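Trainee: Please pick a single part of this model and go through it closely. I would like one connected account with the cut-offs included.

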Amino acid sequence: MNKTWWKESVVYQIYPRSYKDSNGDGIGDIQGVIQKLDYIKSLGIDVIWMCPVYKSPNDDNGYDIADYYDIMDEFGTMDDFDELLAGVHERGMRLIMDLVVNHTSDEHAWFVESKSSKESPKRDYYIWKKGISGGPPNNWQSFFGGDAWIYDKASDEYFLHLFTTKQPDLNWENPTVREEVYTMMKYWLDKGIDGFRMDVISLISKRGYDDTPYQEFNETIEKVYANGPRVHEFLKEMNREVLSKYDIMTVGEGPGINLDNGGKYVNEEEKELDMVFQFGHMFIDHGPEGKFDPVPYSLPQFKKVFSDWDNKLAGKGWNSIFLGNHDFPRITSRFANDQEFHAESAKLLCLMMMSMRGTPYVYQGEEIGMTNVAFDSIDDYDDIETKNVYKEWSEKGKDLNLLMKAIHQQGRDNARTPVQWSDQVNAGYTSGTPWIKVNPNYPQINVLAQETDSDSILNFYREMIQVRKDNPSLVYADYVDLDPMSESIYAFKRWDDECEHLVILNFTSEDYVYNIDAQGFEKVIGNYKAPLAYGSGQITLKPWEAVLMKKS
Ligand code: TEU
Ligand code: CA
């Protein structure tokens, strides 16, 4: 495979609202990010992906954009942004931005004009349809509950919104819309940003407006909403008109992107995107009713997602490696152990990610093992998805205690509580009142405490990222899962002409004696300091022990 800087990079995702508040209004902002650039650099990060900072009424925390050419007041000004970009570049890092172009805010000037009359030249920027027998044009539901259509009395038509009621979907069939998007992308790229993470890019081409015949929402996503007939044509056009003209990286996000269709987005010969975020492991514990109907999953299922994607893309396209982001639970709580073996298991996930083929993405707070939060009252939650589902369950008279448990486990606010910088008031995140409460475990889990502890999760991230940098084989070498059926151990091998790496991860809270031939391998790094307990073809692993070994 071609070697490129973005394949060799480690990315750090920032959700600016929750990162660091610089002016005491209780909301994280761009100056707050600037204050932390040295910290981010100290982790060994190459690329920062920053979630949306554009002008927005914040119905969906910035994913509802009212002006693509301006910065949200709470976050600062365009001068602040320029200062940030310069600061990132001065430190030898790169900055990629969120590109949210499946929809805009209903407060975007385009939509205001589009809605103003059926004759408006911008009417066709959005998806307007006649109703059917007194109801909406079809039975589609939005991702966040309720009909995907809103009735506009003045014109007697409905507009489509796959997300919140304030996020009308753009009409990508209209070439002028695509031109507007490309022009806007060039504006940011000409400013010097280094690429885009493309929000729900799998949804931009709609496949007609028939009723969905599917009961399960995930099935509707895959078979009706996502990967429409023109999505690849649009992405090729975008690549030709914009992306190919710059030395940048792109990662497309996509519900409905699966093993069958995923390769097409990132196959290097197709000239579309560099990477995608697929959701195989993110939806692994979703039941028939979706995320708030969580079901157990097994380690073999989890491993299979990584192995399948690696096999699928090997030699053709590049993978993204991530375990969480601002939409999903905290990774230590979800995939590891946030209690007795908190530090060990958080380090295990780090070692796993940094030893895989693909570009690893670290979400803010993962580097200190931040955990899920369990607020007692729904009033302490902010996320529109969480609030909508609570309202829906209340109206239907469903069991709200059960729902609160599901929210504690699955809600998006788990990942959105402020970053825990210190044990000072509000975890050092703000001197004011935070827009969402700080996780009460901040006196134990915070950056400051971990800075001074050489054995901390934070310092393990630094070491492990350095190990990856020192061993390009960890980036490019082939991968194989040595024991896909094990319910307890994830053991995989990476190899190329230079060397072989062996990774062994104990996903249980007990000691585990594991049979494996590790003759000739030496320990590179692990999450326990003691030397490797290896002998006679057996390795004795401590709870959540993770070890990376190398044979040259
Ligand atoms: O998320 C898209 C997406 O697929 C989500 O619906 C995801 O499945 C959900 O959040 C899980 O509960 C992107 C953004 O990352 C998200 O923050 C936005 O709300 C959404 O698009 C709409 O822009
Ligand atoms: Ca602020």
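**Domain 2 against domain 3**

Mentor: The C-alpha centres of domain 2 and domain 3 lie 25 Å apart, with domain bounds coming from an automatic or database domain assignment. Their contact (heavy atoms within 4.5 Å) takes 14 residues from domain 2 and 15 residues from domain 3. This is a predicted model, where local features need pLDDT of at least 70 and side-chain atom pairs count only at pLDDT 80 or more, while totals for chains, interfaces and linings use all residues. Side-chain values use heavy atoms, leaving out hydrogens and water, and residues are numbered from 1 along each chain as its sequence is written, with chains lettered from A and ligands numbered from 1 in the order in which they are written.

In the division of the chain, domain 2 spans 109-160 and domain 3 spans 175-313. Together the two bury about 1,300 Å², of which 69% is on carbon and sulfur atoms; buried area is the accessible area (1.4 Å probe) that two parts lose on being put together, summed over both. On the domain 2 side, Tyr125, Trp140 and Phe143 supply 51% of the area buried against domain 3, more than any other three residues.

As for polar links, six residue pairs are in polar contact between domain 2 and domain 3, both residues at pLDDT 80 or more. A polar contact is a pair of N or O atoms within 3.5 Å; within protein, one must be able to donate a hydrogen and the other to accept it, and residues adjacent in sequence count only if both atoms are side-chain atoms. The side of domain 2 that touches domain 3 has eight nonpolar, four polar and two charged residues. Here Ala, Val, Leu, Ile, Met, Phe, Trp, Tyr, Cys and Pro count as nonpolar, Asp, Glu, Lys and Arg as charged, and the others, Gly among them, as polar. Zero salt bridges are found across this interface, taking a salt bridge as a side-chain nitrogen of Lys or Arg within 4 Å of a carboxyl oxygen of Asp or Glu.
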